[in-house]
Amino acid sequence: MKLFDSNMKVLEKGLDAYSKRAEALANNIANVNTPNYKRKDIQFESFLEKALRDDGSSIIGKRTDEKHFQIGRENKLDGVEANFIEENSTVMRFDGNNVDIEKEKVEQTKNNIRYQFATNKISSSFFLFFSVIRNK
């Protein structure tokens, strides 16, 4: 029996990616004065979008028994991972460092909002789940 839909898997993958992005942004801020340091970020959203996109070529099956095989795009989410990338194309200063502290702070705030949204959605799902169990 499946307790949660694919949205829970998306939120799980999102939390992993947002944690990695927080680490990358913290490293960028810590290295703002390091010569030749290149800004790092996470590549995640494009991979997730590609996995979720329904191009019409895949068949989405409905399982009538928990022992049946899963058919369709839901399994594609398992392969979605957040990857660190390094931005080498821009140079902000003469020392080769390309970290813009203001941009990093903005990205950090956006990342925190996304992380908080995902944790709130997961918490509300579990709250609903436990309230149903409690009322049975």
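Visitor: Why is D95 called partly exposed?

Guide: This is a predicted model. In it, D95 has a relative accessible area of 27%. Buried means under 20%, and exposed means over 50%. The value of 27% lies in between, so D95 counts as partly exposed.

Visitor: What makes D95 and R93 a salt bridge?

Guide: Their closest N and O atoms are 3.0 Å apart. The cut-off is within 4 Å, so the pair qualifies. R93 is partly exposed because its relative accessibility is 28%, between the two limits.

Visitor: How do you know that E107 is buried?

Guide: Its relative accessible area is 16%. Buried means under 20%, so E107 is buried. E107 meets K110 in a salt bridge, at 3.1 Å from N to O. Both lie in helix α3, three residues apart, about one turn of the helix. K110 is at 35%, so it counts as partly exposed.

Visitor: What makes E104 and R39 a salt bridge?

Guide: Their closest N and O atoms are 2.4 Å apart. That is within 4 Å, so the pair counts. The bridge links distant parts of the chain: E104 sits in helix α3, R39 in the loop between α1 and β1, 65 residues apart. E104 and R39 are both buried. They also belong to a salt-bridge network with R21, D41 and E87.

Visitor: Why is I133 called partly exposed?

Guide: I133 has 47% relative accessibility. Exposed means over 50% and buried under 20%, so I133 falls in between. I133 is found in helix α3. With F126 and F130, I133 makes a nonpolar surface patch of about 270 Å².

Key. Residues numbered from 1 in each chain as written. Predicted model: local features only at pLDDT ≥ 70, side-chain atom pairs only at ≥ 80, totals over all residues. Heavy atoms only, no water. Patch = residues over 30% accessible without salt bridge, like charges linked within 9 Å, V, L, I, M, F, W, Y side chains within 5 Å. Areas by Shrake-Rupley, 256 points an atom, 1.4 Å probe, with all protein chains shown as cover. Salt bridge = Lys/Arg side-chain N within 4 Å of Asp/Glu carboxyl O. Helix = DSSP H or I, 4+ residues; strand = E, 2+ residues; numbered from the N terminus. Buried < 20%, exposed > 50% of the residue type's maximum accessible area, 1.4 Å probe, protein only.
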